[in-house]
Amino acid sequence: MTALTTPTSSAATQRTIENYSQPAWRRMLFTREMAIVALLVVVCVVSMAAVKGFSQPITITYLLMDVAAVLIIALPMTLIMITGEIDLSVGSMVGLSSVTTGALYQAGLPFEVAALAAIVVGVLGGAFNGFLVTKVGLPSLAVTIGTLALFRGIAVGVLGTAAVTSFPEFWTDIAKAKIVGTPLPAIMIPFLILLAIFIIVLHYTPFGRGVYAIGLSKEAAHFSGVPVGRTKFILFVLSGALAALAGIYFTLRYGSARGDNATGLELQVIAAVVLGGVSVFGGRGKLFGVVAAVLLIGVLASALRLANVTSDVINIITGVLLIASVVGASLLPRIRRKRPRVAEPAKTDRPLVGTTSTKTTTSN
């Protein structure tokens, strides 16, 4: 007689208890995203109280103008990083888009046509990244490091050390305009529209569920029917297109098209996405946390500049904040799992009346 023990559902039950034993409000509040939102509120309150001029409407206007490009690029970057990939070429694409717009306008094309051509360049650049990642099978880190240098080299090569500084006043005024009756810049309108679209797509559509599935397990997502390659390709194309759009805004806002525009912008975007709760390993992240992180970095930088803090110190503080957020991400799950332990019933070898033993026997 050989005794065999049938598997029980204790592991699945334990996982369910860990996820849902606590109240919904506790599960929602003890998250990395809510921690960033709370920190953003605290920094805003302290800055308004302690930093002279921070609460003035003009400060809010310029703060949002400064972070607008990062906000736009962070939308597709969030989805890309949730799949476990990354796009380091977005800053260079902003520069290439800026140069394309300026060079074509300087050559005599209408500004609208030049801007449209810049977006096409962004789409092609994103498609190139997506092709190398999904069809050739190269890692996105290596691919986008290469295209970071490639796109920047093309941008600098087209204009050299020159800059195009003459653009239609109509478009430059729009780029710097404010929403009537508010200190909010007009660029927030297209951003909010894009944000709503990305939230709906990521959180309320099969495409968005596929994005999370790919980040959790590419193989499992494939066998579940998720078009892994096509999904990643679309995301890289969106990243290139929105980076080009940000490049057009960048050009109009500063009134200059240069090959070195937005140098290092990709690091700001990735730092904000990671700070906002997106896992670098994929499978986790929410857009509202990323938006809060972008605003947090922007608010902190603006307040420190008004307090006459140098840019080097601002970079150090931002880096410390990013490291702290990564460390905090590993501590929050432990805090959420803490709960009073319920005493377990005493174990007994004698089966209870009216119950069936989990052990079965078979004969050799």
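Q: Is Val 158 buried, partly exposed or exposed?
A: Val 158 is partly exposed, at 46% relative accessible area. Buried is under 20%, exposed over 50%, and partly exposed in between, with a 1.4 Å probe and protein chains only. This is a predicted model, where local features need pLDDT of at least 70, side-chain atom pairs count only at pLDDT 80 or more, and totals for chains, interfaces and linings use all residues. Residues are numbered from 1 along each chain as its sequence is written, and side-chain values use heavy atoms, leaving out hydrogens and water.

Q: Which helix is Val 158 in?
A: Helix 7; helices are DSSP runs of H or I with at least four residues, numbered from the N terminus.

Q: Switching to the core. Which residues have the most contacts inside the largest nonpolar one?
A: Val 94, Phe 191, Val 269, Val 273 and Val 294, in a core of 84 residues. Such a core is a set of buried Ala, Val, Leu, Ile, Met, Phe, Trp, Tyr and Cys residues joined through side-chain atoms within 4.5 Å. Helix 4 (residues 57-82) gives the most to this core, 17 residues.

Q: What does Val 269 touch?
A: Val 70, Ile 73, Ala 74 and Met 77, leaving aside residues up to four places away in sequence. Contact means heavy atoms within 4.5 Å.

Q: Now loops. Where is Ala 262?
A: Between helix 12 (228-254) and helix 13 (265-275).

How values were computed: Helix = DSSP H or I, 4+ residues; strand = E, 2+ residues; numbered from the N terminus.
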